[in-house]
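Colleague: Walk me through this model, please. I want values with their cut-offs.

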Amino acid sequence: MDKKRIVTGDRPTGKLHIGHYFGSLANRVKLQNEYETFILIADVQALTDNFNNPKKVRDNVREVVIDYLSCGIDPNKTTIYIQSMIPETAELTVFFSNLVTIARLERNPTVKTEIAQKKDLFGESVTYGFLGYPVNQAADITILGGKLVPAGEDQEPLIEQCREIVRKFNNIYGNVLDEPEIMLSNGKRIKGLDGNAKMGKSLGNAIYISDSEEEIKRKVMKAVTDPNRIRKDDLGNPDICMVSYYFKLFTENEEYDKICKECRGGKRGCVTCKKQLANTISEFLKPMREKRKYYELHPEIVDEIIQKGTLHAQNEARITMKKIKKAMKLDYFSESD
Ligand code: TRP
């Protein structure tokens, strides 16, 4: 039986951090064994809110791919490709744009939230490109015949919108496209070192997969702990401590329970605790850091992986586009005429 096809991706706007790792990357590493996986580097989508900063997008394409490879995404199992290199996606976006109303796009909760957060960039009136990125994303998925989209909750409204477009397309032009389903990643959302619900570059509270031992240590030393604990023998409360929160992610239950017990009993200081955590995270990321070094030294290998993946995706997209054009009566000068 053919493996089901997965299409997913990321915007190349920064290096990936451990929030990405636990939220989606670890899951993708597992899924690549069971599914035919395509991961796109969404440079076109990244430009919708970084159109004035093309260098940032360009520079992060290779960074994100190196992060994937370091985490265990295997290019022999997963096709990694660049969104802008698939011209059929842009074509399909135009065809799809007839099947979506402005009002429907404005109601998309994810897009609505993002527009509100980007007042600095968009002012009172959002661009056509940004408002329409869900249409472009629908094209990303369907041009490759994606059946499953592993993603976080924030992507749910986008996939729902994609399904609506596909249904409308199939109703009008015939049953050509697959309706994809979201596969909610069972990964958890990781808080920042400062306790903020979101981990991010702008917040300065993230540990990156590429961080050195020293960077990890420096960041962990600043993590927010129980504010009532001043001296080592003060009784601590691990429930309100980010160091304990991170220990839970990186250590076995037994070790975690021991740490909490010592903290509650005033038997372990925050500095000791932080040093131990920094070491633990550092050890966890070590194999990834080493793999990363290798790829940083061999950019030609990374480029070859991207090129090969892109070629494969291009071929698949071409096949789908042929069917789409036939269904839409746009198949001029083809042999069947
Ligand atoms: N919107 C996704 C994000 O912000 C990126 C993305 C672009 C994507 N195209 C996609 C995800 C197709 C899944 C499928 O992370």
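Predicted model: local features only at pLDDT ≥ 70, side-chain atom pairs only at ≥ 80, totals over all residues.

Modeller: Residues are numbered from 1 along each chain as its sequence is written, and side-chain values use heavy atoms, with hydrogens and water left out.

Colleague: How many helices and strands are in the protein chain?

Modeller: Helices (H or I, at least four residues) and strands (E, at least two) are DSSP runs, numbered from the N terminus. The C-alpha trace spans about 85 × 45 × 40 Å along its principal axes. The chain has 15 helices and 5 strands.

Colleague: What percentage of the 337 residues is buried?

Modeller: Buried means under 20% relative accessible area, exposed over 50%, partly exposed in between (1.4 Å probe, protein chains only). The chain exposes about 17,800 Å², with carbon and sulfur atoms supplying 51% of it. Those areas come from the Shrake-Rupley method with a 1.4 Å probe; for residues, only the protein chains shown count as cover. The buried share is 49%.

Colleague: Which residues are around the ligand, and which elements give two or more residues to the shell?

Modeller: Near means that one heavy atom of the residue lies within 4 Å of the molecule or strand. That selects V7, T8, G9, R11, L40, A42, Q45, Q137, D140, I141, V149 and Q155. D140 puts a polar side-chain atom 2.8 Å from a ligand nitrogen. The elements giving two or more residues are strand 1 (5-10) and helix 9 (133-143).

Colleague: How much of the ligand does the protein bury?

Modeller: A polar side-chain atom of R11 is 3.2 Å from a ligand oxygen. An N or O atom in the side chain of Q155 is 3.0 Å from a ligand nitrogen. Alone, the ligand exposes 370 Å², and the protein buries 90% of that.

Colleague: What distance joins the side chains of D49 and K118?

Modeller: D49 sits in the loop between helix 2 (43-47) and helix 3 (54-71). Its relative accessible area is 12%, so D49 is buried. Contact means heavy atoms within 4.5 Å, and beyond its neighbours within four places in sequence D49 touches R11, K118, L121, F122 and F130. The polar contact with K118 is 2.8 Å.

Colleague: Which helices do the buried residues of helix 12 pack against?

Modeller: Helix 12 (residues 242-250) has 7 of its 9 residues buried. They are M242, V243, S244, Y246, F247, L249 and F250. Their packing partners are helix 1 (18-31), helix 13 (253-264) and helix 14 (270-297).

Colleague: Why do F22 and F284 count as stacked, and how far apart in sequence are the parts they tie together?

Modeller: Rings of Phe, Tyr and Trp (its six-membered ring) pair if their centres lie within 6.5 Å; planes under 30 degrees apart count as stacked, over 60 as edge-to-face and the rest as tilted. The F22 and F284 ring centres are 6.0 Å apart with planes at 20°, so the pair is stacked. Ring pairs also link Y21, F22, F250 and F284 into a cluster. F22 is in helix 1 and F284 in helix 14, so the parts tied together are 262 residues apart.

Colleague: What is the phi of K329?

Modeller: Most residues other than glycine have a negative phi. K329 is in the segment after helix 15 (299-327) and is exposed at 66% relative accessibility. K329 is not a glycine, yet its phi is positive, at about 60°.

Technical notes: Polar contact = N/O pair within 3.5 Å; in protein donor to acceptor, adjacent residues only side chain to side chain.
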